[in-house]
Amino acid sequence: MGKILQLREAIREGMVEEMRRDERVFLMGEEVGQYNGAYKVSKGMLDEFGPKRVIDTPISELGFAGIGVGAAMNGLRPIVEFMTWNFAVLAFDQVVNNAAKTLNMSSGEFTCPIVFRGPTGSAGQLAQQHSQTFESWLGNAPGLKVISCVDPADAKGLIKSAIRDDDPVCMMESELMYGYKGEVPEGEYLVPIGVAAVRRTGSDVTIVSFNKMMIQALKAAEELAKESISAEVIDLRTIRPVDYHTIIESVKKTNRLVVVDESWPLFGVSAEIAYEVQKFAFDYLDAPVIRVNAADTPLPYAPTLVEAWLPNPEKVIRAVKQVMYVPAN
Amino acid sequence: MATTARKSSKSKKEQPKYSKEQYLSWYELMLRIRRFEEAALLAYSQQKIRGFLHVYIGEEAVAAGIESAIRREDAVITAYRQHGTAIGRGVSTRAAMAELFGKKTGINKGKGGSMHFFSAKHRYFGGNGIVGAQIPVGTGIAFAEKYKGTDNICVTMFGDGAARQGALHESFNMAMTWQLPVLYICENNHYAMGTSVARTSNVHEIYKIGCAYEMPSEPVDGMNPESVHEAVSRAAEHVRSGKGPYFLEINTYRYKGHSVSDPAKYRTKEELMQYRAKDPIKTIEARILDFGLASAEELKDIKQRIEAEIQDAVRFAEESPYPDPEELYEDVYVQPDYPFMKD
């Protein structure tokens, strides 16, 4: 039996449990303390842990990401919150050039056990600069691990694993989904990094997705079931390392694959999965892999343009019918 | 009266401020760094060392004066002109030279090369290749010391070029706000690659940047380990006692170009000669002899010993094996069974 938590509460519970467990863990970022978090993820944490361990920073993403890296190299286990990953672009030098490479360029002399976390992706009509996904950018860099999930139980279990991990981990959350509820197991609960989850079993087609696009994928699967199309839905949960074994096993069964990914189409997570499948399940495919991405454009403000830009269940259903050679309605 | 006093102090022979051991230790370290760098340049010209090579020749007094003024437990982090700083920390010339040769006996198994030496044992946090990016990292190292409640400080070094990076300003601001035990040191060698300090900002005296954050900041003569030692001792004491950060702009000069591929045509020969005339090794050698702390014979013995050490380091580097190709997948993740994408 578990309890029902919002995504933000589940992430908070994971952080709080790890901070109680390990004095070296601290949280740092913009508005994480007195303001209780821009999205209330860290609500109440300043009260419990005090300003030594819940640290409000100035708006200096590059600077505090670097301070996190230095603290991690010198024996602490920082959680660095970015208000959104869009702002973390300023800090990518520290994430990609330092955190990801500390172990390698020091040949193991120093580790960098740090968690960078915050929301990714679009969140309504926030326009061009607040609506980007970064999973494929970060997933490209050896040395990093990348988590992207919205299921509250996963989020709690994965952030706990991330905090305990000796490698740097980027955790991608979602502004729109912070209020999303789910059952979270009571007591100590860990989810291993690098393992996908089959959310719905099916036999006709495999749909792979992650983060808030999972909701669109599951809605599409429900609709397809009404038309007697049985879709298996896989939640990647981790982007790096990607669990392609689970995908391959599913494709061997269904022989068809649709990838639903809010990233832009070029060089994205969906492209990587399509590569893995053609490499390891070529003989099992009955149709080309089709992907459903955000449009290959920045995201404009107007609601009609947001609608046109994002993947949705209709687009997923269309893609599934395409790989099944079923005429669209 | 005043005239007499001035006369008598002038005629009085200057006394050494520090012990014989201190002067000899500065002399030996600076000589070790210079001979090491000269040997590295030679090996580079023979294509035994590849990649980038930024040598420290001319700047030795900075590393020497810092090391004598701080503790072994203090942390040090710097940029990519870093062989001298690492050797000052105690990294052996064998391990350093083998690293330049890309050999598995190098300080970082041949994985880091000239820009990236790291040694946990020596509390040496690199060896960092992105200009200015080590400034927030050094600030974070200091943050951890304060968090853990030690009285260690982190000496965070950077060049005059890095002083123009936003990372410096963000770091200065947070370090002062949180009163972190960090001693910032700008090694001002007057050129960011080929661009002079005067061409990169309206503010030519870099120490003044610290004043914007109300950080105690001052300029230091970097051509003599005595002046460096004196300033760093004072600044380190301030930082260690919990009074927050300190910023020193240590003025120095690199005799060679930015890297081996740089003929340094952006500066005059006269300027170079002006600094060579203040060469830190010659200065300390003259002071040792003037003070009668050691004889010319004793200094010659030190020189011979250092030369033999560097020759041995080069031989060691040459004879050492390269890393095995299987090493490629080591030290990427701590996780031992990380599933790399190999095909």
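Is Lys265(B) buried or exposed? In this predicted model, Lys265(B) counts as exposed, because its relative accessibility is 75% and the threshold for that class is over 50%.

Lys265(B) belongs to the loop of chain B that runs between β8 (246–251) and α10 (269–276). Its C-alpha atom lies 8.2 Å from that of Gly194(B), although 71 residues separate Lys265(B) and Gly194(B) in sequence.

## Packing of α3 and α5 in chain A

Two packed helices are described by the angle between their axes and the distance between the axes. In chain A, the axes of helix α3 (residues 61–73) and helix α5 (residues 92–99) come within 8 Å and cross at roughly 30 degrees. Helix α3(A) is therefore roughly parallel to α5(A), since angles under 35 degrees fall in that class.

On the α3(A) side, the contact is formed by Leu62(A), Ala65(A), Gly66(A) and Val69(A), and on the α5(A) side by Asp93(A), Gln94(A), Asn98(A) and Ala99(A). Sorted by class, the residues joining α3(A) with α5(A) are four nonpolar, three polar and one charged.

## Aromatic pairs

In the pair of Phe110(A) and Phe118(B), the ring centres are 6.1 Å apart and the planes stand at 65 degrees, so the arrangement is edge-to-face. This pair joins two chains, because Phe110(A) lies in the loop between α6 (102–105) and β5 (115–119) of chain A, while Phe118(B) lies in the loop between α5 (93–100) and β2 (124–127) of chain B. Both Phe110(A) and Phe118(B) are buried.

Tyr333(B) and Phe340(B) form a tilted pair, with 5.8 Å from centre to centre and 55 degrees between the planes. Tyr333(B) is buried, with a relative accessible area of 6%, whereas Phe340(B) is partly exposed, with a relative accessible area of 22%. In chain A, ring pairs connect Phe64(A), Phe82(A), Trp85(A), Phe92(A), Phe116(A), Phe134(A) and Trp137(A) into a cluster.

## Lysine charges over tyrosine rings

Lys52(A) places its charged end over the ring of Tyr147(B), at 4.4 Å from the ring centre. Within chain B, the charged end of Lys342(B) sits over the ring of Tyr329(B), at 4.2 Å from the centre of that ring.

Terms used
Residues are numbered from 1 along each chain as its sequence is written. Chains are lettered from A and ligands numbered from 1 in the order in which they are written. This is a predicted model: local features need pLDDT of at least 70, side-chain atom pairs count only at pLDDT 80 or more; totals for chains, interfaces and linings use all residues. Side-chain values use heavy atoms; hydrogens and water are left out. Axes are lines fitted to C-alpha atoms, for helices over the stretch in contact, and angles run from 0 to 180 degrees between N-to-C directions. Helices (H or I, at least four residues) and strands (E, at least two) are DSSP runs, numbered from the N terminus. Angles under 35 degrees count as roughly parallel, over 145 as roughly antiparallel, 65 to 115 as roughly perpendicular and the rest as oblique. Contact means heavy atoms within 4.5 Å. Ala, Val, Leu, Ile, Met, Phe, Trp, Tyr, Cys and Pro count as nonpolar, Asp, Glu, Lys and Arg as charged, and the others, Gly among them, as polar. Rings of Phe, Tyr and Trp (its six-membered ring) pair if their centres lie within 6.5 Å; planes under 30 degrees apart count as stacked, over 60 as edge-to-face and the rest as tilted. Buried means under 20% relative accessible area, exposed over 50%, partly exposed in between (1.4 Å probe, protein chains only). A charge sits over a ring if NZ of Lys or CZ of Arg is within 6 Å of the ring centre and within 35 degrees of the ring normal.
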